[in-house]
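Please open the model in your viewer and keep the selection panel at hand.

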Amino acid sequence: MDCFNPQRIIELRTHRKLSQKDLGKRLGITDRAISKWEQGLSTPSSRHLLELAKVFGVSVETFFSPSETKKETEQTGMESLYELYKIGRGPSSSHTIGPERACKIFKERNVDADAYKAVLYGSLAKTGKGHGTDAVIQKTFSPVPCEIVLDTLKSDLPHPNIMTLYAFQDGREVDTVTVYSVGGGSIVFEGDVQTPPRSVYALKRFDDIAAYCKKKDIRLWEYVLENEDAGFYEYMQTVWLAMKDAVRRGLDDEGILPGGLQVAKKAKALFSSQHIDETAETRENRMVCAYAFAVGEQNAAGETIVTAPTCGAAGVVPAVLYYQQKKNRYSDDDIIRALMTAGLMGNIIKTNASISGAECGCQAEVGSACAMASAALAELFELSIEKIEYAAEIAIEHHLGLTCDPICGLVQIPCIERNAVAAMRAINAVSLSSFLWDSRKISFDKVVKTMKETGHDMHTAYKETSEGGLARIEV
Ligand code: SF4
């Protein structure tokens, strides 16, 4: 099957010497929407494809090509969970986590450098300041100074998110590298051969994985361990430590979030206030919400979080698990097993649908996080595979159609509150699942497929373009 090829738009646009803004104007949309298409983060609607074909004087088929990479990925299963749970600075995986990873690698190979320079191009140059790309680069190279140059003029770029890093010693350039931040925190160094993502899981549908686990009489987290490498458990220990750290920092933090919306951090207040007639249930909701707000606010402030499965949705899974550890004294090992099951569900969604708000709306980010948190909690309670599946299915089903419409493009409103609501919903999904699991009609695989279709039918205004929904409200 032919697949949309974003490179075609870049080639045609640069060949005609049009900037993203010029092309956006012709189509009556923003340059940000064009940038998303070119990054492969969203796909033009049929109407926009027709308009693009008209502008460039080509046929619609020009924007499609047989996708060997996609075919390859579809045939060979799923990537490692190392690629799902990433520890890095918020608020955006492509503008902060990707650049941070690149700088860490570059710093490690230039330990004797006494100065660095980072030149940002394309979208990184145009929106990097708002997303805090400059700050994250300087923090990563610190205490060694790093000069940041925003080159917003350079066109004809092979990718919309590019940066070139330089290392210096005694005023002499000793190393340089160009890096593409290709989305989801993933990076590609220029010159690297473009290879499809490496699959470490042979299976990618829940039904198949569940059948395998039942046959071998193992739990879902054991299936994860069977497929990951020897260092994976240790990595998951680091992931859980980073999640807990984000909750604790967030509960201790106060003040106003950066970006100009004047959003106050509320986790600490939520944690310490008390309802006038507080029941156990009210308290549970308040605590879980406080933990979700804590992580969401740390993400929005550009602090370190874990993508679960993304930066914007990073608060849901830790909120549910942190609450359970406090309440029921689960060990770190118990929680890590739950995190592995959650990661498996997130990976199934990522592989068969999407975890990107730009591609499928917030149902793909917060909806996926809710499914992961439900699965984690059901695993923690040692529920059966059927109940784990049903809990995750309920969680995602009731996020179907949820739009991504962050005000001013900042990951604050509605994102932070949405994490808290999803965390409460995850707990309810597990409760419902434990009673009704044997009467269900819809499988997890089916709801994942539906989420993908719903996301692709969604208007681009509701897919991280800040052009529709809540994003249009002036605050
Ligand atoms: S609204 Fe958009 S940016 Fe915010 S959490 Fe949802 S998907 Fe992420």
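**Before starting**

This is a predicted model, in which local features need pLDDT of at least 70 and side-chain atom pairs count only at pLDDT 80 or more, while totals for chains, interfaces and linings use all residues. Residues are numbered from 1 along each chain as its sequence is written.

**Stop 1: the domains**

Colour residues 2-55 as domain 1, 93-189 as domain 2 and 206-472 as domain 3. These bounds come from an automatic or database domain assignment. The C-alpha centres of domain 1 and domain 2 are 26 Å apart.

**Stop 2: helix 6 and helix 8**

Helices (H or I, at least four residues) and strands (E, at least two) are DSSP runs, numbered from the N terminus. Select helix 6 (residues 93-108) together with helix 8 (residues 133-141); they pack at an angle of about 25°, and their axes are 9 Å apart. The axes are lines fitted to C-alpha atoms, for helices over the stretch in contact, and angles run from 0 to 180 degrees between N-to-C directions. Helix 6 is therefore roughly parallel to helix 8. Angles under 35 degrees count as roughly parallel, over 145 as roughly antiparallel, 65 to 115 as roughly perpendicular and the rest as oblique.

Now display the side chains of H95, T96, P99, E100, C103, K104 and K107 in helix 6, which meet T133, V136, I137, T140 and F141 in helix 8. Two residues are in contact if their C-beta atoms, placed from the backbone, lie within 7 Å. This contact of helix 6 with helix 8 comprises 5 nonpolar, 4 polar and 3 charged residues. Here Ala, Val, Leu, Ile, Met, Phe, Trp, Tyr, Cys and Pro count as nonpolar, Asp, Glu, Lys and Arg as charged, and the others, Gly among them, as polar.

**Stop 3: helix 11 and helix 15**

Next, select helix 11 (residues 232-251) and helix 15 (residues 332-352), whose axes come within 10 Å and cross at roughly 100°. Helix 11 contributes M236, Q237, V239 and W240 to the contact, and helix 15 contributes D332, I335, I336, L339 and M340. By class, the contact of helix 11 with helix 15 holds 7 nonpolar, 1 polar and 1 charged residues.

**Stop 4: helix 18 and helix 19**

Select helix 18 (residues 385-397) and helix 19; their axes come within 8 Å and cross at roughly 135°. Helix 18 is therefore oblique to helix 19. On helix 18, find K387, Y390, A391, I394 and A395, which meet R425, A426, A429, V430, L432, S433 and S434 in helix 19. The contact of helix 18 with helix 19 has 8 nonpolar, 2 polar and 2 charged residues.

**Stop 5: backbone details**

Most residues other than glycine have a negative phi, and most peptide bonds are trans. Centre on G90 and P91: the peptide bond between them is cis, with omega near 5°. P91 is in the loop between strand 3 (87-89) and helix 6. Another cis peptide bond joins A308 and P309, with omega about 5°. P309 is in the loop between strand 9 (304-306) and helix 14 (316-328). Finally, D217, which is not a glycine, has a positive phi of about 55°. D217 is in the loop between helix 9 (206-216) and helix 10 (220-227).

**Stop 6: the ligand**

Which residues are closest to the ligand? Among the 13 residues that surround the ligand, the closest are G312, G357, C362, C404 and C415. A residue is near a molecule if its C-beta atom, placed from the backbone, lies within 6 Å of it. Helix 17 (362-380) and helix 19 (415-436) are the elements that give two or more residues to this shell. Helix 17 gives the most, with 3 residues. The shell around the ligand comprises 8 nonpolar, 2 polar and 3 charged residues.
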